[in-house]
Each structure stands twice: as structure tokens, then as C-alpha cells.
Amino acid sequence: MVRAKHWYDTPIRLLGYAILILVTLTMVIPFIWMLTTSLRPSGSEFAYPPQIIIPPNEWDFSNYTRLFTLVPFGQYFANTLFITSLTVAGQLLVCSTAAYGFARLNFVGRDKIFLLYLATMMIPFQVTLIPLFLMVFGLGWVNTYHGLIIPGISSVFGIFLLRQSFLGVPRDYQDAARIDGAGEWTIFTRVFLPLNGPALATLGVFAFMGTWTDLLWPLLIAREQHLRTLELGLAYFNASTSAFTRTNWPLVMAAAVVVMLPVLIIYMFAQRYFVEGISLSGVKG
Amino acid sequence: MAYARGEPRPFTAVQKKPNFWQRFWSRSNERVGYLFILPSFIHLIVFLVIPLGFSLYLSFTDWRGPNFQNAPFIGAENYQFLLGDRRFWNAMKNSIYFTLLSVPLGMVISLLVALVMNQNLKGVYIFRTLFFMPVISSWVAVSVVWITLLDPQVGILNYVLEGLGLPPANWLGDPLTAMPAVVMISIWKGLGFNMVIWLAGLQAIPQELHEAAAIDGASRWQAFRRITIPLLSPTTFFLAITGVIGALQVFSSVYVITKGGPRGSTDVVVFRIYQRAFEEFEFGLASSQAWVLFAVIFSLTVVQVWYRRRQGEETMF
């Protein structure tokens, strides 16, 4: 790019790096702090001045072994995995079929119905939370897995996202498949799903994150310990250790690391889909 | 087809628009579409539309649970009560305070970062990965970490402030600083999200405009003022409106960090709704609070749609 050189170009570039480094430190230090605190001896006091990094020979992994004897994190992990995978699978199925209908099938009232869907995106979750809870309570779904899963298996945002992507598939593909005698279900599963992998992955990642880290709904539905999710387990563990005695921070931090780790690992692998999904939600509004 | 007034029109057979049933049974109606949307439609009705109506009804009752038999209909009494409810107004005030503090600050900081990230610096992807980590983190884990970072005795923040010669604070323990601290954590957590949207907006600005400006001798600042800012305005508006709507619904951070305290200084509207419903079991009153919030958010959405229509943009509604 052609640009006249100015005296302030270098300072601006340096300022840019300075901002990046400062922001990076603020972003990263809390995570390092979480990790190193979890490696301190259980129940130890914080040092002052604060030590962000502790030498490897002082690392103490006993918090983690202790944690798994104190709290059934294995059970919580299995619960979270079970609930999350079924929710993600449900959303992918329900949203993609609906998106195919809205994007590519020509039925009477389609656009009016879609408008109704979009209008519901304005409703804050808190408005429906109370009646939803009362309904689920009335159905006897409190303390059940389906009470935790079924309310989350569809999302209007997901339908919107997939519909945008399905609209980009050339109509010729659909017509060609129809001429070959394929039914709509075959076209949907053999043509549209394979062609829209990235959008499906984006929705999958969003649904995964939303469900994995959800606190409010499990807090209301999973009253019994054997149903708790990791997030809920961490919240309860944190509350129980700090209620009567001084909080055992190294132990709590170890629990936080255990809860965060799966999400971070998935994020590292699926980063692209996150960023694409968010850009899409921003641009299309 | 449109005709100018007075222009002669060709004679055509008058075609009546077929009615719903005629269209429904016509050959071009791909009725299988209803089957495709059926699961999502049932879900929408059962888990969204019915609860919405139910919630509106509840807001006119004095239902305190658990039996639906003792749910006396009391008209607008809940709403009248809210007018004089000091805790509700305090929560309203706190929500607005949170919004006014977190949305502009969060937007400016993330724009600054996005501008730097847009400069083709080396290693931008690593930064993007790191900045996004808080976005995907769970609120409970984040709160645990920040509560210790903000500790008045041994926390890092006070240590840094002391190093800079600034006075330390009892961040989460002082009603004056608790809300700014919650805002700070929220900005920290949302920075990556806003930044990605800013970046998408920045990258949509044609490079040629900046090149032309450079050839004309415009300075970086002039180019920023006259090209970047105006062309970013849809993004700015999107972030402002969704930011305000999100900020008015803030709950998780308050629930896990301060539980509304100290002395009600971080008690926000949604936290109030939560406590009214699930701790005090006043489902009717809680529902009316939710509807007041809904009304506010609804009007903001209308403003957004109106603005985007005026800009000639395609909108969802």
C-alpha cells in the first residue's frame, strides 16, 4: 500500500504492540493464575506480593487427586457430556430440517411462519424462564435428564444460521437431484447436509458451549447431586468450601481447571467455527 | 408492475389471488415442508410461545406457588406495586448504571484492539486465540479467579495499583467499587467477542478507499475519522444495541461474583427477578418484573429495526 511516511508511523506501530501486549497480559494472567494456584499445596495462603508463576519443582498435583475423592467430578463430567451431546445432536437435527424447509421448500405461509420464529428471538430468556420452570415442574421433569435436555434441543438462532447457509446452495443441485428421482429427505441428507459442513459445525460449537457452561437451567432442574453438571458442581463446591471456613483456594482453582479444560480443548480445535459463527451473527444481525 | 398515474394500461384478464386453501392444494405447494419444520414448530410453541402467554397471565396474578389453585387474579396490582418498590427501582438503576458503564467502555476498548489487530501485525492469530479464551470460559470459573485477583489483601490488582502509586481498593466489598469491578470483569470476558465483530466490520471496508485517501495525502487520523468511522457505523450500531440488550439482561456475572451485594449495590433487574421467583417464590410479581424488562428490550429492538430500515439495509423483520 502506498502511503507517505510520517514521523508518527513508528510510534503508532509501537503503541499498537504495547496495547496488544498489555491486553494479552490482562487476558492471560487470570488463566495462569488459576493454573498455578491449583498447583499450590492444599489450603495454603496466598503469598504477598502475589506470585503468578511458581517454579516447576514446587508443583503439587495433590489437589487434583484430592478433588476427585471429595467431589464426584467423574459423575458430573459424564452428566455434562451426556446432556451436552444429546442437546447438540438434537439442535443439529431439529434446526437443520427446519432450515431446509424454510430455505428450500415452497409451502404456503412459509415466510409468515419464519417471521414468527424470528420475532421470538427478541424475547429475553428471563421472561419465559419462570413459566418454563413451572411447566417442567408440572410435567414431573425436575431431576430428570430429559428435563435438562429437551427444552434446549431447538434454537431459532440455529435455524436462522443454517437457513442463511442453505440459501447459498445453488438451486440447480436440488433440481438435478429431483430429476434423478430423489425425494426431499434424500436431497436434504445427501446434498444439503454434506454441502453445509461449516455452518453445521458452527451451530454445533455454539450449542456445545452454551450447554456445557450453562448454569441457570441446571441450577433449577438438577436438584439432586447425581444429576449435576460440571458448572453446577463447581458452583456448589465453591459455595460449600467457603460457607463456614476460609475458602481453600488451591482446591477450588483445581476444580475450575477441571471444568474449563474440556471447553478450552474443543475451542482450540474448533476455533475457526466460533469466529465464523460470531462474525455471521454480527454481520447479518 | 407499477404504472405512472394516467398512463394507459394493457388489458389483462383479472386474476384473483387464490385463497389460502386453493394455494394449499395447488401443485406448487410443497406440503412436505410442513413436516420438515414440524419438530421445531412444536418446540417453539411448547417451550416459547405457551410460556410467554403463561408469563403474561402470571404477571396479573398473586401466585406464590406451589399449587396453581391459589393463584388469585389481581389485575395490574403487581405493576402498581413495582412503581413503589424501592428494591426494584434500585435494581433498575443498577442495570442502567451497568449498561452505561460497560457498553461504551467495552466497545471502545475492543475497537482499539481490533484496529491494532487489523494492521497485519505478525502473530495476530495467536492474539485472537488468546483474547477469545475468556469468551468461552464458564462464568463460575471466571468468578473464582477474579474474586482472588481482586482480593483487598493479596490480590494482584491492588498490588499493581500500589506499584503505580495509586490507592488500593476493597473492590468487591465496597458498594462504591463493586459495580465498576463487575463491569471490568464483564468487559474482560466480552472483549474477544466484540473484537471479532469489529474486525469483520473493518475487513468489509474496501481497501481501495484507504489507498485513494493515502494518495490524496490524507493522514492516518483523517482516514480514520472520514472513512473508517462512517463506514463502521452499521457495526457500531449493531454492537451498541445488542450490547445494551445484553447488558440489561446481565445475570450470571452478578450471580456468581457478588450475589447482588454489597448492600444491594450490584443488584440488577434479572437478579431481582431470579430472587423474587426462585428464592421468595413470588412468581406473579417476578413475572411482572420480567415483562417490564421485556417492554424495554422490545422498544430498543424496534429502534434498531427502524434504524436499519432507514439505512436501506435488509432486516430480519
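This is a predicted model: local features need pLDDT of at least 70, side-chain atom pairs count only at pLDDT 80 or more; totals for chains, interfaces and linings use all residues.

Student: What makes the pattern of chain A a row of α symbols?

Tutor: Reading along the sequence gives α-α-α-α-α-α-α-α-α-α-α-α-α. The tally for chain A is 13 helices and zero strands.

Student: How do you know how confident the predictor is in chain B?

Tutor: Look at pLDDT, which is scored per residue from 0 to 100. Chain B has a mean of 85, and 91% of its residues reach 70 or more. For the model, ipTM is 0.85 and pTM is 0.83.

Student: How does the radius of gyration of chain A compare with that of a compact globule of 285 residues?

Tutor: The globule rule puts such a globule near 19 Å, but chain A has 24 Å. Along the principal axes, its C-alpha atoms fill a box of roughly 75 × 70 × 35 Å. As for burial, 43% of the 285 residues of chain A count as buried.

Student: Which residues touch the most other members of the largest nonpolar core?

Tutor: A255(A) and A256(A) do, in a core of 153 residues. Helix α13 of chain A, residues 249-284, gives the largest share of this core, with 16 residues. To join such a core, a residue has to be buried and of a nonpolar type such as Ala, linked through C-beta atoms within 7 Å.

Student: What is A255(A) in contact with, leaving aside its neighbours within four places in sequence?

Tutor: L67(A), V71(A), L234(A) and F237(A). Among contacts in chain A with a separation of 6 or more, 75% are between residues 24 or more positions apart.

Student: Now the two chains. How many residues of chain A are in contact with chain B?

Tutor: 77 residues of chain A, in contact with 80 residues of chain B. Helix α13(A) gives the most to the side of chain A, with 16 residues. By class, that side has 56 nonpolar, 17 polar and four charged residues.

Student: And the domains? What is the assignment for chain A?

Tutor: Domain 1 covers 9-62 and domain 2 covers 67-284. Their C-alpha centres are 32 Å apart. Nine residues of domain 1 of chain A are in contact with eight residues of domain 2 of chain A. On the domain 1 side, the classes are three nonpolar, five polar and one charged.

Student: Where do the domains of chain B lie?

Tutor: Domain 1 is 31-77 and domain 2 is 86-310. The C-alpha centres of these chain B domains lie 32 Å apart.

Student: One last label. Why does N118(B) count as partly exposed?

Tutor: Set the count against the cut-offs: buried needs 20 or more C-beta neighbours within 10 Å, and exposed means 12 or fewer. N118(B) has 17, so N118(B) counts as partly exposed.

Student: Where is N118(B), and what is it in contact with?

Tutor: N118(B) is in the loop between α4 (86-117) and α5 (124-136) of chain B. Leaving aside neighbours within four places in sequence, N118(B) is in contact with L199(B) and L202(B). From L44(B), N118(B) is 74 residues away in sequence and 40 Å away in space, C-alpha to C-alpha.

Methods
Residues are numbered from 1 along each chain as its sequence is written. Chains are lettered from A and ligands numbered from 1 in the order in which they are written. Helices (H or I, at least four residues) and strands (E, at least two) are DSSP runs, numbered from the N terminus. The radius of gyration is taken over C-alpha atoms; the globule rule is 2.2 Å times the number of residues to the power 0.38. Two residues are in contact if their C-beta atoms, placed from the backbone, lie within 7 Å. Ala, Val, Leu, Ile, Met, Phe, Trp, Tyr, Cys and Pro count as nonpolar, Asp, Glu, Lys and Arg as charged, and the others, Gly among them, as polar. Domain bounds come from an automatic or database domain assignment.
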